[in-house]
Amino acid sequence: MTRPFDIRDVGLLQRLAATARPLACWAAAVDGLYPLREAMRAYVSAGRDAAVVLVDRAASNSEDGAFGMMQMLPTSEPHQSTTNPTPRWAVLTMLGAQSQGEARLESWERILLGLVAEAAQRGVHHIVTESPESGPEWEALQAAGFVPLLQQDLLKVSLPLEGGGHAGELPGLREQGKDDEPLIRLLHQRIAPKMTYPAEAALDQFVGHHLRRGWLLTRNNELVAYAAVHQGRRGYGLQLLFRPEAEEDARPMLEHCLARLRGSAYVTVRHHHSWLLPVLDQLGFVHLTSTVLMVRHVAAKVQQPVWSHAVEHAAIYTTRSAMHITWPPPQPHGDKRGR
């Protein structure tokens, strides 16, 4: 039976968290995923928190069970209310189960369908996640209606770079400012395929770490490359947007970005950026895993039909019109002969 997390499920999440499967790999590597903390926040907030945690306990064995975790993303549309925004995207972040084989797949499928129903209840239109190209989570996601969109590679580098890794000044390279967000969004739209851009933007938005610094590279008054460094609890997360004509400037720009960092840095390279893999290999990045960006379109629950407003206004107009109708109708001035 799938239900929201309850205080009696603390022991179950403590047992399953260590072996759970992360479905937001970049966020898990940079900042970590903490299912028990998110579950307690969702429980205390009585369903008003952005995190949604569902638990599936087997009726025959109280020690056996599974859980799934999903995060709602805040709306970025300006016309939406800031006090009670309606999320349009959600990120599926983690699945965990104690059973194996077919029992695990069945419990994960029940949890995924429950998360989809919860997302529809909250007005979400799309759910995005990352998954290995094979394995039980891949099978469960496909059974729940998730569709693969794009292949990705997660890479890691230990900092500082060997040999200093400090490049000279690049012509056209400058630090990101407050008014550069529209230019960065436009660059992403030009680089990413139209079918995958919304899912990519939603997954990048989920990495809610503080932006340490960002750099933009312009050529002929046009933005051709962007690199950002996000500060996480476990390391740094790199967000890279490069047009193909900036291939020669990729290495010196990355060296400039990584020069003052210490620790570990992670980057997700999507399929349309695969030409960056040799450049990252030269800088010392190592391949960790390959994933697939997947999305599930949700039929959001209709809270109030659009035509209900028209019916309401029509009823009000009819009522007000009827209040002004009198019978018999008023006679014109004078009698029937016009006097």
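Leaving aside neighbours within four places in sequence, D9 is in contact (heavy atoms within 4.5 Å) with R3, P4, V55 and R57. The place of D9 is the loop between β1 (2-4) and α1 (10-16), where helices (H or I, at least four residues) and strands (E, at least two) are DSSP runs, numbered from the N terminus. With a relative accessible area of 0%, D9 is buried; here buried means under 20% relative accessible area, exposed over 50%, and partly exposed in between, using a 1.4 Å probe and protein chains only.

These values come from a predicted model, in which local features need pLDDT of at least 70 and side-chain atom pairs count only at pLDDT 80 or more, while totals for chains, interfaces and linings use all residues. Residues are numbered from 1 along each chain as its sequence is written, and side-chain values use heavy atoms, with hydrogens and water left out.

The chain holds ten helices and 13 strands. Of its 339 residues, 47% count as buried. Among contacts in the chain with a separation of 6 or more, 74% are accounted for by residues 24 or more positions apart.

E38 belongs to helix α3 (residues 35-44) and counts as buried because its relative accessibility is 9%. Not counting residues up to four places away in sequence, E38 touches D49, A51, V53, M69 and Q71.

Two pairs of helices can be described by how they pack. The axes, which are lines fitted to C-alpha atoms over the stretch in contact, with angles running from 0 to 180 degrees between N-to-C directions, come within 9 Å for helix α4 (residues 102-121) and helix α5 (residues 136-143) and cross at roughly 45°. α4 and α5 are therefore oblique to each other; angles under 35 degrees count as roughly parallel, over 145 as roughly antiparallel, 65 to 115 as roughly perpendicular and the rest as oblique. The crossing of α4 and α5 is right-handed, a term used if the near helix is turned clockwise from the far one by less than a right angle, with left-handed used if anticlockwise. On the α4 side, R104, L105, W108, E109 and L112 take part, and they meet P136, E137, E139, A140, L141 and A143 of α5. The residues of this contact of α4 with α5 comprise seven nonpolar, no polar and four charged. In this scheme Ala, Val, Leu, Ile, Met, Phe, Trp, Tyr, Cys and Pro count as nonpolar, Asp, Glu, Lys and Arg as charged, and the others, Gly among them, as polar.

The second pair is helix α6 (residues 181-191) and helix α7 (residues 197-206), which pack at an angle of about 135° with their axes 10 Å apart. α6 and α7 are therefore oblique to each other, and α6 passes α7 in a right-handed crossing. R185, H188 and Q189 of α6 make this contact with Y197, E200, A201 and D204 of α7. By class, the contact of α6 with α7 has two nonpolar, two polar and three charged residues.

In the loop between β7 and β8 lies P160, and the peptide bond leading from L159 to P160 is cis, with omega near 5°. G172 is found in the loop between β7 (147-159) and β8 (173-175) and counts as partly exposed because its relative accessibility is 31%. G172 and T218 are 46 residues apart in sequence, yet 5.0 Å apart in space, C-alpha to C-alpha. Beyond its neighbours within four places in sequence, G172 is in contact with L216, L217, T218 and R219.

The loop between β9 (210-219) and β10 (222-231) contains N220, and N221 is found in the loop between β9 and β10 as well. N220 has a positive phi of about 55° although it is not a glycine. N221, also not a glycine, has a positive phi of about 60°. N220 is exposed, with a relative accessible area of 77%, and N221 counts as exposed at 84% relative accessibility.

Finally, the cysteines may be considered. C25 counts as buried at 14% relative accessibility, and C257 counts as buried at 5%. A disulfide is a covalent bond between the sulfur atoms of two cysteines. With a disulfide taken as a pair of cysteine sulfur atoms within 2.5 Å, the count comes to zero disulfides.
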